[in-house]
Amino acid sequence: MEKAISLIATSALLSACVTANDLLYLGLGFNSYENTPVILTHYSMEMPLAETPPMLIAGAADQSMSRRNGGGAVNSVLTPPKDVGRDGHWQVSAQWVELMTNRAYRATLNVPIKEINIEYGGYVFTPIFGPNGLMMIGSDKVGLDESYRRNIAVVCGERVPSADAEWKDKHGILPGIEIILPKIPKPASYTDCRIPALTQNK
């Protein structure tokens with residue numbers, strides 16, 4: 001599929017190096033597998049899962065570098081969440097609907113903070129969604145080499161049938177759906193969630 005089309009204005013990431021006295025920021029982006037665009041409906045970090053404005057995420061994280069942002073998704077600069085409980089992890093929760101199958105999933109995973117790539121004084125943090133409820137956290141290094149691709153946490157989400165929804169016809173609510181639909185490859189034929197290998201500390 002062609003490079004994902006960004007449909008929402010993105011926030012520019014900080015470009016200057018920071019000093020030891022500066023606070024780290026969180027560079028948060030979202031992405032998806034090429035055949036699994038999703039509508040993100042809930043998201044939280046170190047807080048209870050909360051409803052968010054529906055966000056179309058349509059990228060090609062399984063096909064290309066860099067994976068930091070998929071079309072339709074906002075790339076945001078945020079204050080990093082506090083490590084609640086001081087356990088060395090950020091708890092990340094999400095709920096989403098696969099655009100092509102109408103199936104909703106929910107997942108929670110614990111992300112080891114020490115494994116998150118730090119670049120220009122900020123954390124590189126990308127939740128990525130794949131077929132059949134796959135959710136992982138990417139934290140890629142700078143560059144386009146395949147070896148810079150880093151998966152630091154991954155989980156198979158659980159089905160939430162009560163939240164299943166047909167978003168393909170809601171063009172007016174989420175502009176861009178009609179643009180990406182003709183370009184989406186056939187959804188995965190397998191029905192299980194297939195966990196990619198973690199690539200921490202590489």
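A residue is called buried when its relative accessible area is under 20%, exposed when over 50%, and partly exposed in between (1.4 Å probe, protein chains only). The model examined here is predicted, so local features need pLDDT of at least 70 and side-chain atom pairs count only at pLDDT 80 or more, while totals for chains, interfaces and linings use all residues. Residues are numbered from 1 along each chain as its sequence is written, and side-chain values use heavy atoms, with hydrogens and water left out.

Start with the overall picture. The chain has 1 helix and 12 strands, where helices (H or I, at least four residues) and strands (E, at least two) are DSSP runs numbered from the N terminus. Of the 202 residues in the chain, 50% are buried.

What about the neighbours? Strands count as paired if DSSP finds at least two bridges between them. Strand 9 runs antiparallel to strand 10, joined to it by 5 bridges, and G130 has L134 as its bridge partner. These two strands form a hairpin with 3 residues between them, and N132 in the turn has a positive phi of about 60 degrees. Strand 10 also pairs with strand 11, again antiparallel and over 5 bridges; here I137 stands opposite A153.

Now for the inside. A nonpolar core is a set of buried Ala, Val, Leu, Ile, Met, Phe, Trp, Tyr and Cys residues joined through side-chain atoms within 4.5 Å. The largest one has 27 residues, and F125 and M135 have the most contacts inside it. Apart from it lies another core of 13 residues, L99, L174, I177 and I180 among them. Contact means heavy atoms within 4.5 Å, and F125 touches residues including L26, Y43, W90 and I137.

Finally, the structure holds 1 disulfide, meaning a pair of cysteine sulfur atoms within 2.5 Å. The sulfur atoms of C156 and C193 are 2.2 Å apart, and the link is left-handed, with -95 degrees about the S-S bond. C156 sits in strand 11 and C193 in the segment after helix 1, 37 residues apart. C156 is partly exposed at 33% relative accessibility, whereas C193 is buried at 17%.

Key:
Lists of a residue's contacts leave out its neighbours within four places in sequence.
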